[in-house]
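Reader: I am new to this structure and would like a friendly tour of it. Could you show it to me and then take my questions?

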Amino acid sequence: ADITEANDGKEALAILQGGGGFGLLLTDWNMPIMNGLELVQAVRSDDQLSSLPILMVTTRNMKQDIVAAMRAGVNNYVTKPFDPKTIKEKIDKVLAAV
């Protein structure tokens, strides 16, 4: 699978809006310039990207943060630290629901 990386949410949004047929957005919450929650909101409000599956990865594990991420439109949420098996299971679950 091809993977494209971005340094922050603003760059990620520009890459996504540039096309490329992305199948999944994996984002951290804590990023400079545009954080992950803002990125999710921007993706969900963009007609071309609104159905893109999103998995958020973060150190933020407070219930209100998880609720905020889900309300913003993430398909799933995983807190750090995590192991490769956990992240694979979350990705598989998000992609299976599409």
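**A sheet and its helices**

Author: T58 has its place in strand 2; helices (H or I, at least four residues) and strands (E, at least two) are DSSP runs, numbered from the N terminus. This is a predicted model, where local features need pLDDT of at least 70, side-chain atom pairs count only at pLDDT 80 or more, and totals for chains, interfaces and linings use all residues. Residues are numbered from 1 along each chain as its sequence is written, and side-chain values use heavy atoms, with hydrogens and water left out.

Reader: Is T58 buried or exposed?
Author: Buried means under 20% relative accessible area, exposed over 50%, and partly exposed in between (1.4 Å probe, protein chains only). T58 has 0% relative accessibility, so T58 counts as buried.

Reader: Which residues does T58 touch, not counting residues up to four places away in sequence?
Author: Contact here means heavy atoms within 4.5 Å. With residues up to four places away in sequence left out, T58 touches D28, W29, N30, Y77, V78, T79 and K80.

Reader: In what order do the strands form the sheet?
Author: Two strands pair if DSSP finds at least two bridges between them. Strand 1 (residues 25-28) and strand 2 (residues 54-58) pair in the parallel sense over four bridges, and strand 2 also pairs in the parallel sense with strand 3 (residues 76-79) over four bridges. The three strands form an open sheet, in the order 1-2-3.

Reader: What is the hand of the β-α-β unit made by strand 2, helix 3 and strand 3?
Author: A crossover is right-handed if, with the strands pointing away from the viewer, the path from the first strand over the helix to the second runs clockwise. The unit of strand 2, helix 3 (residues 63-72) and strand 3 is right-handed.

Reader: Where do the buried residues of helix 3 lie around the axis?
Author: In helix 3, D65, A69 and A72 are buried. They cover an arc of only 65° around the axis (the arc is that of the directions from the helix axis to the C-beta atoms). This arc puts them on the same side of helix 3.

Reader: Which residues are exposed on the other side of helix 3?
Author: The buried residues of helix 3 pack against helix 2, strand 2 and strand 3. Exposed on the other side of helix 3 are K63, Q64 and R71.

Reader: What separates the C-alpha atoms of M56 and W29?
Author: M56 is found in strand 2 and is buried, with a relative accessible area of 0%. Not counting residues up to four places away in sequence, M56 has contacts including W29, A69 and V78. M56 and W29 are 27 residues apart along the chain, and their C-alpha atoms are separated by 6.7 Å.

Reader: What is the relative accessibility of T27?
Author: T27 is found in strand 1. Among the residues that T27 touches, not counting residues up to four places away in sequence, are L39, V40 and M56. T27 counts as buried because its relative accessibility is 4%.
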